[in-house]
Amino acid sequence: MSNRIVAPSPHLHGDLSTPRIMRDVVIALIPAFAFSVFVYGWSAVWLTGIAIASCMLFEWLIGRFLLRRDCTLGDWSAVVTGTLLAFNLPATISPGLIVLGALVAIGIGKMSFGGLGRNPFNPALVGRVFLLISFPTQMTSAAFIPETGAVADAFSGATPLAFIKEALKAGRPVAEFMPNIDLGGMLLGLKDGSMGEIGAAALLIGGLYLLIRRVITWRIPVFVLGTIFVFASVLWLANPVLYINPLFHIFAGGAVLGAVFMATDYVTSPMSKAGQAVYAIGIGIITVLIRVWGAYPEGISFAILIMNAAVPLIDMYMKPSRFGDRNPKKTK
């Protein structure tokens with residue numbers, strides 16, 4: 001006779017499951033992926049395919065031969081990690097680096113902590129940041145040149161954030177190059193960058209799908225993007241010669257991808273509503289700090305990982321109320 005553990009009531013049931021959530025995330029990324037294929041052609045398909053296949057392979061190998069557990073590929077989390085990793089890489093990066101990034105994402109970012117639900121950091125970002133630190137030339141200087149001719153004239157090979165960073169370092173005022181920046185075109189994807197940088201509008205469509213499906217809530221994306229906008233606005237109003245339009249910070253780089261698809265990860269984000277707000281505001285502030293004064297043009301990946309590390313502390317001091325507690329403030 002098998003042992004059964006019966007927990008006290010209340011017993012709440014819902015239709016959400018890990019596979020369903022992960023499949024919804026994959027579906028939400030389809031518009032951005034389709035736009036990436038339009039821009040980069042088969043490079044986007046190969047990049048995504050290699051990343052997904054590598055993540056699935058490494059998860060199976062580590063689970064089967066090191067952790068000696070049943071196959072976990074059915075939860076679709078490896079597919080999501082591979083897709084998000086692909087969206088954080090330049091379209092022409094070498095296959096060997098894609099596989100290496102997948103190994104770090106799954107082997108170090110996820111399985112070394114015990115697998116899904118136990119990882120303190122977003123696995124795809126662990127793989128991305130490892131590649132960025134270890135291979136900065138390949139990650140930042142790889143050809144960000146779209147195959148579609150109409151799009152290729154937006155910027156000449158550099159991502160918008162990198163272009164602005166270098167221009168400001170050279171002492172050029174913002175007014176000199178700002179008229180050449182089409183914010184509307186950037187929203188639609190008329191700029192160079194990784195698959196997760198060029199399709200802000202497509203990513204927002206995917207985010208709307210996740211909201212409708214109740215996979216995510218509005219809180220983290222709105223607070224992340226809102227904080228970036230407010231912080232950048234303060235700088236821009238204080239000195240428009242040195243600081244760029246706040247809308248540029250929203251549409252450029254991976255701000256939308258990070259805010260909608262990676263900062264909202266259930267495992268690595270706080271449980272309470274107040275904690276989520278603090279977490280998201282921290283991501284927004286750190287992102288702008290790195291973009292404006294840091295060594296790298298982009299800061300959203302580092303910001304999310306830093307705030308992932310702060311989640312246990314946030315949850316400690318901002319616990320959600322116990323079910324049925326009439327005095328939630330007194331809950332310890």
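Are Glu 59 and Lys 110 buried or exposed?

Reply: Glu 59 is buried, and Lys 110 is buried too. Buried means under 20% relative accessible area, exposed means over 50%, and partly exposed lies in between (1.4 Å probe, protein chains only).

A word on the source comes before the details. This is a predicted model, in which local features need pLDDT of at least 70 and side-chain atom pairs count only at pLDDT 80 or more, while totals for chains, interfaces and linings use all residues. Residues are numbered from 1 along each chain as its sequence is written, and side-chain values use heavy atoms, with hydrogens and water left out.

Now back to the pair. Glu 59 forms a salt bridge with Lys 110, and their closest N and O atoms are 2.7 Å apart. Glu 59 belongs to helix 2 (residues 42-66), and Lys 110 to the loop between helix 4 (95-108) and helix 5 (123-134), so the bridge ties together parts 51 residues apart in sequence. A salt bridge here is a side-chain nitrogen of Lys or Arg within 4 Å of a carboxyl oxygen of Asp or Glu. Side chains of opposite charge can pair when their charged atoms come close. Helices (H or I, at least four residues) and strands (E, at least two) are DSSP runs, numbered from the N terminus.

The rest of the salt bridges come next. The whole structure has four of them. One of these joins Arg 213 to Asp 24, with the closest N and O atoms 3.1 Å apart. This pair links distant parts of the chain. Arg 213 sits in the loop between helix 12 (200-212) and helix 13 (219-238), Asp 24 sits in helix 1 (residues 18-40), and 189 residues separate them. Arg 213 is partly exposed, at 34% relative accessibility. Asp 24 is buried, at 2%.

Another salt bridge pairs Arg 291 with Glu 298, and the closest N and O atoms are 2.9 Å apart. Arg 291 is buried, with a relative accessible area of 4%. Glu 298 is buried as well, with 7%. Salt bridges that share partners also join Arg 20, Asp 24 and Arg 213 into one network.

The structure holds five aromatic pairs. Among them are Trp 60 and Phe 65, whose ring centres are 5.7 Å apart and whose planes stand at 90 degrees, so the pair is edge-to-face. Rings of Phe, Tyr and Trp (its six-membered ring) pair if their centres lie within 6.5 Å; planes under 30 degrees apart count as stacked, over 60 as edge-to-face and the rest as tilted. Trp 60 is partly exposed, at 36% relative accessibility. Phe 65 is partly exposed too, with a relative accessible area of 46%.

The charged end of Arg 64 sits over the ring of Phe 65, 5.2 Å from its centre. The rule asks for NZ of Lys or CZ of Arg within 6 Å of the ring centre and within 35 degrees of the ring normal. The charged end of Arg 219 likewise sits over the ring of Trp 218, 4.8 Å from its centre.

Most residues other than glycine have a negative phi. Trp 76 is not a glycine, yet its phi is positive, at about 70 degrees. Trp 76 lies in the loop between helix 2 and helix 3 (77-87). Its relative accessibility is 31%, so Trp 76 counts as partly exposed. Arg 214 is not a glycine either, and has a positive phi of about 60 degrees. Arg 214 lies in the loop between helix 12 and helix 13. Arg 214 is exposed, with a relative accessible area of 69%.

Ile 286 is buried, at 17% relative accessibility. Leaving aside residues up to four places away in sequence, Ile 286 touches Ala 303, Ile 306 and Met 307. A contact means heavy atoms within 4.5 Å. The C-alpha atoms of Ile 286 and Ile 306 are 8.6 Å apart, and the two residues are 20 apart along the chain.

Step back to the whole chain. The chain has 17 helices and zero strands. Buried residues make up 50% of its 332 residues.
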